[in-house]
Amino acid sequence: MPGIEAPGELPTAGSIDKLIHEPARLLIMAHLYVVESADFLFLMRQTGLTFGNLSSHMSKLEDAGYIEVEKEFVGKKPNTRLSLTREGLRAFEDYRRSMQQLFAEAPDG
Amino acid sequence: MDPIDLKEIERRAYTSYHEDGILDIFIGIGVLIAAGYMMTDLFWMAGTSVAIFTPLYIQVKRSITFPRLGQVTFSRKRTGRSKKTMLFILLLNVAGLLLGVVFFSAVTGPSNPAWYDLVVRWYGVVLGVVIAGLEVVFAHLSDLERFNWYAAVTLVVIPSVHLLGTPLFAHLAVLGAVVTVAGLYQLQRFRLKYPLVAGEAEVAGD
């Protein structure tokens, strides 16, 4: 399972969650981690991703069960609201722990 | 070491909602109105302004900020901090009320206490320090650092009433004008940084 290493062990390539590790998805997950929920426009603004880019990454995260997507109408305009699922929250925290371990225990160059 | 600064991400997400300068504009206009009330001795109408301003502020945020920035529900920790800020403002009002009672007692007592004479003589300094202190606390609670700059301006503008001999309402008007203009500048920068985006359907080309 990605992100689960014993203390003192460096994460391996196979143990790092590649779905989260991709820079755009990492940004999306990080933003959703620090808020309860956010709409599409908010994430576009905060991450700097284009509509198409964000939409594509959002689909991948949703398919993996990491985010929940709710579509609703605000007035007459469609609005998409995103939030992390429990699985997404756990996966992000595991990823974070792996990377913290990697940076903390890797020797200086 | 965290590879990604989550605290900074959260802080930026929160403060981006106040980059619009709308809060500054409302506070600045509020101070200008207070100066006007002082000039016309209609201070008792201040409560009416608060009743009107609050729903108006919410409506302006909905019209200007949300369509440009999107909508977000912040974490409980952040909303807890916002609640602390609101509690601070509420305590402020209670403290102001108590202060009024204390002053009333001092004025209507058999003789004025020494501290009362000192405060009356240097009212500009006292008021300037109190307002600046509140702005600094607000800046800390709300993460809006520009309120520290407003505190510095307050410390110059309000106590200078003793140097210039001009009425207090004029200095309040200057302070209100500075904050309002700063807010308008912020708003213009915000509108350029976050142009209005069409709805999701239009952006997606549906």
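Helix α7 of chain B covers residues 146–157, 12 residues in total, where helices are DSSP runs of H or I with at least four residues, numbered from the N terminus. From its first C-alpha to its last α7(B) reaches 17 Å, close to the expected 16 Å, the expectation being 1.5 Å times one less than the number of residues. This is a predicted model, in which local features need pLDDT of at least 70, side-chain atom pairs count only at pLDDT 80 or more, and totals for chains, interfaces and linings use all residues. Residues are numbered from 1 along each chain as its sequence is written, chains are lettered from A and ligands numbered from 1 in the order in which they are written, and side-chain values use heavy atoms, without hydrogens and water.

Buried in α7(B) are B:R146, B:F147, B:Y150, B:A151, B:T154 and B:V157 (buried: under 20% relative accessible area; exposed: over 50%; 1.4 Å probe, protein chains only). Down the helix axis these residues fall within an arc of 155 degrees, so they line one face of α7(B); the arc is taken over directions from the axis to the C-beta atoms. Their cover includes α2 (22–40), α6 (123–142), α8 (161–164) and α9 (168–193) of chain B, with contact meaning heavy atoms within 4.5 Å. The face turned away from the buried side carries exposed B:W149 and B:V156.

The loop between α6 and α7 of chain B holds B:D143. B:D143 is buried at 17% relative accessible area, and its phi is near 65 degrees, a positive value in a residue other than glycine.

Key. Helix = DSSP H or I, 4+ residues; strand = E, 2+ residues; numbered from the N terminus.
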